[in-house]
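Let's take a walk through this structure together, going from one group of side chains to the next. Please keep the 3D view open as you read.

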Amino acid sequence: FIRNELDESSAMFKTFNNPRQARAAVLRCFCDPLPEPCLRLQDLTAAEWRQMLRWLDISGLALYFWARLDELNLRSMLPPAVAERLERNLLDNTQRTRNMISECCSIQTAFQESHVSYAVLKGFSLWPASVSKLQLRSQLDLDFLVARKSADTARAILEEKGYRLHAVSELGMSRMKSCQAPTKPARLGCGSWTVKPRHATTAWR
């Protein structure tokens, strides 16, 4: 996806004739040295920025782009409304990440007190190898690998924290949702549990 955006913009126009050129300029902001066409982003109209922000959100690049502009001291090239929106997103994601870490620690503490055999997988458990700043990453769930002998205990612990069984797949994966918050689901099974904190915006897996 990113490769296609860059390849099609190898001969960058002085102005952006279409959204793909503008998106390619955003991707080039992560290059060193900074290509000159990237500075053309400051010429985007309000309508074009609304479209760009939607793409940045969908691609998961919004906070990385905002942090990159900070590194380059180029945040001022964005319209005030766009800069405020990205900064608000960063603050919100920072708080959400803190909440998820707290939830993860709470679950692990309960697992350890009950002698559950488990491992934390993916996400911020890979920090700092996967991402230098946790607050820039959009993480929606917590993944735990649980030994089969501990599966029943792990499920009981999650149920004590407000999760309820919602569905079971053919492979034995169980999907749980919180009766306290609709946006707090969890999925377990085959010795593997994925849980989403109550502070996440999508279902636990």
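Phe111, Tyr118 and Phe144 form a cluster that is held together by ring pairs. The model you are looking at is a predicted one, and a search through the whole of the structure turns up three aromatic pairs. In the pair of Phe111 and Tyr118, the ring centres are 5.3 Å apart and the planes meet at 65 degrees, so this pair is edge-to-face. Phe111 also pairs with Phe144: here the centres are 5.5 Å apart and the planes stand at 75 degrees, so this pair, too, is edge-to-face. The cut-off behind both assignments is an angle over 60 degrees between the planes.

Where do Phe111 and Phe144 sit along the chain? Phe111 belongs to helix 5 and Phe144 to strand 2 (residues 142-146), so their pairing ties together parts that are 33 residues apart in sequence. Both Phe111 and Phe144 are buried, and for Phe111 the relative accessibility is 0%.

From the rings we can move on to the nonpolar cores. In soluble globular proteins, nonpolar side chains tend to be buried together. The largest nonpolar core in this model has 29 residues, and the ones with the most contacts inside it are Leu41, Trp49, Met52, Leu56, Phe65, Leu78 and Leu86. Helix 2 (19-28), helix 3, helix 4 and helix 5 are the elements that give two or more residues to this core. Which of them gives the largest share? That is helix 4, with six residues.

Helix 4 deserves a visit of its own. Is this helix mostly covered or mostly open? It is mostly covered, with seven of its 10 residues buried. Those buried residues are Ala62, Leu63, Phe65, Trp66, Ala67, Arg68 and Leu69, and they pack against helix 2, helix 3 and helix 5.

Asn73 follows helix 4, in the loop between helix 4 and helix 5. Its phi is near 55 degrees, a positive value in a residue other than glycine. Most residues other than glycine have a negative phi, and most peptide bonds are trans. Is Asn73 buried or exposed? With a relative accessibility of 67%, Asn73 counts as exposed. His115 is another residue to look at here: it is not a glycine, yet its phi is positive, at about 60 degrees. You will find His115 in the loop between helix 5 and strand 1, and at 71% relative accessibility it counts as exposed.

Next come the cis peptide bonds. One of them joins Asp32 and Pro33, with omega at about -5 degrees, and Pro33 lies in the loop between helix 2 and helix 3. Another cis bond runs from Trp127 to Pro128, where omega is near 5 degrees; Pro128 is in the loop between strand 1 (118-121) and strand 2. While you have the loop between helix 2 and helix 3 in view, look for Gln42, which is found there as well. Gln42 is partly exposed, with a relative accessible area of 44%. Between the C-alpha atoms of Gln42 and Ser76 the distance is 9.0 Å, while in sequence these residues are 34 residues apart.

Our last stop is the empty space. Rolling a probe the size of a water molecule over the atoms shows where such space is left. The largest pocket has a volume of about 340 Å³. Its lining is made of 16 residues, and Asp57, Leu63, Asn89, Asn93 and Ser138 are the ones that lie nearest the centre. Which helices each supply at least two residues of the lining? They are helix 3 (46-59), helix 4 (62-71) and helix 5 (80-113), and helix 5 gives the most, with five residues. By type, the lining residues of this pocket divide into seven nonpolar, five polar and four charged. Leu63 brings two parts of our walk together: it is one of the buried residues of helix 4, and it is also among the lining residues nearest the centre of the largest pocket.

How values were computed:
Residues are numbered from 1 along each chain as its sequence is written. This is a predicted model: local features need pLDDT of at least 70, side-chain atom pairs count only at pLDDT 80 or more; totals for chains, interfaces and linings use all residues. Side-chain values use heavy atoms; hydrogens and water are left out. On a 1 Å grid over the protein atoms alone, a cavity is a set of points where a 1.4 Å probe fits but cannot get out, and a pocket is an open set with protein on both sides within 12 Å along at least five of seven lines; lining residues have an atom within 4 Å of a point. Grid points are joined across faces, edges and corners, and a volume is the space filled by probe spheres set on the points. Helices (H or I, at least four residues) and strands (E, at least two) are DSSP runs, numbered from the N terminus. Ala, Val, Leu, Ile, Met, Phe, Trp, Tyr, Cys and Pro count as nonpolar, Asp, Glu, Lys and Arg as charged, and the others, Gly among them, as polar. Rings of Phe, Tyr and Trp (its six-membered ring) pair if their centres lie within 6.5 Å; planes under 30 degrees apart count as stacked, over 60 as edge-to-face and the rest as tilted. Buried means under 20% relative accessible area, exposed over 50%, partly exposed in between (1.4 Å probe, protein chains only). A nonpolar core is a set of buried Ala, Val, Leu, Ile, Met, Phe, Trp, Tyr and Cys residues joined through side-chain atoms within 4.5 Å. Contact means heavy atoms within 4.5 Å.
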